[in-house]
Amino acid sequence: MGFPKFYTVNDVAKITGLSTRTIRTYLKDGKLKGQRVGAQWRFTEDNIKDLFESQGVKDAMEGARNQLVIDFLNDNEKKEPQVCTMFDIPCTSQENLEALYRPVVEKVNFLREKGKLKFSFRHSNAVARFFFMGEPHLVENISTFLGKRL
C-alpha cells in the first residue's frame, strides 16, 4: 500500500495555473480543503479534484489557461526557445480520467525540477485537455510520456 501524495500551495498553484495568493484565498474562503502541517498547508489529490469542480474556480482556471496561450502567442521577445502543445483526449469514465491524469501530474512535478514547464488540465464534455508550455526538451518528454499512455 502506497502513501498518499501531498501537494503544497505552490504545487496547487502550478497545477491550476493560478497564483499562490489566489490559492490561499480559496483556502480562506473554504473552496480548498487541506491539512495544516506546522506552518504549511498540504493537499491531497482529492482536495485538488474538489477544487477543480468548483464553478468559480473552473472559470478562473480557464481564464489563466487561456492567458498562458495568449502570452505564448504574443511574446515576440523570447530569450530562450519555448514550445506550447495541447492534447485533447476523449475520456468517458472517471476511472479512465484518473488513470491518465495522476501519472501525468507526477511526471510534470518531476520534470519541473529540471527546468521551466507550465501545465494545465481541464476535463469537460468527456474530453480531457492537457496543456504544456516550456523548454522544448521538457515538453517533448511529457508529450511522449502522455502519448504512450493513449
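Begin by selecting Cys-91, which is buried, with a relative accessible area of 3%. Keep in mind from this point that the structure on your screen is a predicted model. Next select Cys-84, which is partly exposed, with a relative accessible area of 26%.

Now turn to the empty spaces. Rolling a probe the size of a water molecule over the atoms shows where empty space is left. To find the largest pocket, select Phe-52, Glu-53, Phe-121, Arg-122 and His-123, which lie nearest its centre among the 21 residues that line the pocket. The volume of this largest pocket is about 470 Å³. If you then colour α3 (45-52), α4 (55-74), α5 (94-112) and β4 (117-124), you will have marked elements that each supply at least two residues of its lining, and the largest share, 6 residues, comes from α4. Coloured by class, the lining of the largest pocket shows 6 nonpolar, 4 polar and 11 charged residues.

For the last stop, select Leu-68, Gln-82, Lys-116, Lys-118 and Met-133, which lie nearest the centre of the second largest pocket. This second largest pocket has a volume of about 350 Å³, and its lining is made up of 21 residues. Here α4, β4 and β5 (127-134) each supply at least two lining residues, with α4 giving the most, 4 residues. The lining of the second largest pocket divides into 6 nonpolar, 4 polar and 11 charged residues.

Technical notes:
Residues are numbered from 1 along each chain as its sequence is written. This is a predicted model: local features need pLDDT of at least 70, side-chain atom pairs count only at pLDDT 80 or more; totals for chains, interfaces and linings use all residues. Side-chain values use heavy atoms; hydrogens and water are left out. Buried means under 20% relative accessible area, exposed over 50%, partly exposed in between (1.4 Å probe, protein chains only). On a 1 Å grid over the protein atoms alone, a cavity is a set of points where a 1.4 Å probe fits but cannot get out, and a pocket is an open set with protein on both sides within 12 Å along at least five of seven lines; lining residues have an atom within 4 Å of a point. Grid points are joined across faces, edges and corners, and a volume is the space filled by probe spheres set on the points. Ala, Val, Leu, Ile, Met, Phe, Trp, Tyr, Cys and Pro count as nonpolar, Asp, Glu, Lys and Arg as charged, and the others, Gly among them, as polar.
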